[in-house]
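Hi everyone, thanks for coming. Let me put the chain up on the screen, and then we can walk through a few places in it together.

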Amino acid sequence: MLLTDLRTIYDRERAARNWLEVLFCYPGLHALWLYRVAHWLHKTGIPFVPRLISHLGRFLTGIEIHPGAKIGKGTFIDHGMGVVIGETAIVGEYTTIYQGVTLGGTGKETGKRHPTLGSHVVVGTGAKVLGNIQIGDNVRIGAGSVVLRDVPSNTTVVGIPGRIIRQEKMTADDLKHGNLPDVEAEAIRALFERVKQLEKQIEQLQEKPNFAPSFVSNSDRNGKYHSDLIVQDFIDGAGI
């Protein structure tokens, strides 16, 4: 598993020019290796030492991983400063975690209180995944998102709170933040257009008191239907 961690960084990090750079200059790799030693000691029931190793790892790398967490092979912590992974967190295989990510609890739970991530998940810079929730396989979590509820596989989550958008054709490790939609702005824009349409109809009624439109044009009907879908998608995603 240690060799897999090393090979994963070399294969997926475009800035890695040789094995020596990866071995000596990547704190994400060092944090993972220290974690794996601490985790093995933690499973054997040895007190204090695993937490001490975890604390030293945090001091050396800026990455805090509790010895009780479960992290699958091929996990890549890119840069990693400020990453926090809680005691009962589970991270699937070949997951990518960027700097400032928190896999934490909400402070209100006991037992399993940290998230479970599937395989091939990408968690963007500064994202927070909180509580005993399930994140499916091939999920992309946008930078700065706050995820508080379960997320199905093969989806992308953006915003605060995180809302699901579906981008099924994304590659395994791709998360193009510049192309992620602003779901809040789209919903507000749709509501703004609706308000303008209503204001226009009110002006027509005020100008002609006896005016009573007997039909709605197809263009108005299609525009209303489209804006309804945007707003409904925004509302449906509010719990994710």
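Let's begin at the side chain of Arg-140: one of its polar atoms sits 2.7 Å from the backbone oxygen of His-120. This is a predicted model, so please take that distance as computed from predicted coordinates. Arg-140 belongs to strand β12, which covers residues 140–141. Is Arg-140 buried or exposed? It is buried, with a relative accessible area of 3%.

Let me zoom out for a moment. The chain has 240 residues, and 38% of them count as buried. Its secondary structure comes to 6 helices and 15 strands. If you take the contacts between residues at least 6 apart in sequence, 39% of them join residues at least 24 apart.

Now for a helix pair. Two packed helices are described by the angle between their axes and the distance between the axes. Here I'd like you to look at α1, residues 2–12, and α3, residues 27–43: their axes come within 10 Å and cross at roughly 165°. Angles over 145 degrees count as roughly antiparallel, and α1 and α3 are therefore roughly antiparallel to each other. Their crossing is right-handed.

Which residues meet there? From α1 we have Leu-2, Asp-5, Leu-6 and Ile-9, and from α3 we have Leu-29, Leu-32, Trp-33 and Arg-36. Sorted by type, the residues of this contact are 6 nonpolar and 2 charged, with no polar ones.

Staying with α1, its buried residues are Thr-4, Asp-5, Leu-6, Thr-8 and Ile-9. What do they pack against? The partners are α2 (19–25), α3 and β3 (76–77).

Last, some backbone geometry for those of you who like torsions. Most residues other than glycine have a negative phi, and most peptide bonds are trans.

In the loop between β5 (90–91) and β6 (96–97) you'll find Tyr-94. Its phi is positive, about 55°, although Tyr-94 is not a glycine. Tyr-94 is partly exposed, at 28% relative accessible area.

Asn-154, in the loop between β13 (146–147) and β14, also isn't a glycine and has a positive phi of about 60°. With a relative accessibility of 35%, Asn-154 counts as partly exposed.

And where is the cis peptide bond? It runs from Ile-160 to Pro-161, with omega near -10°. Pro-161 lies in the loop between β14 (156–158) and β15 (163–165).

Conventions:
Residues numbered from 1 in each chain as written. Predicted model: local features only at pLDDT ≥ 70, side-chain atom pairs only at ≥ 80, totals over all residues. Heavy atoms only, no water. Axes fitted to C-alpha atoms, helices over the stretch in contact; angles between N-to-C directions. Helix = DSSP H or I, 4+ residues; strand = E, 2+ residues; numbered from the N terminus. Parallel < 35°, antiparallel > 145°, perpendicular 65-115°, else oblique. Left-handed = near helix turned anticlockwise from the far one by under 90°. Contact = heavy atoms within 4.5 Å. Nonpolar A, V, L, I, M, F, W, Y, C, P; charged D, E, K, R; others polar. Buried < 20%, exposed > 50% of the residue type's maximum accessible area, 1.4 Å probe, protein only. Polar contact = N/O pair within 3.5 Å; in protein donor to acceptor, adjacent residues only side chain to side chain.
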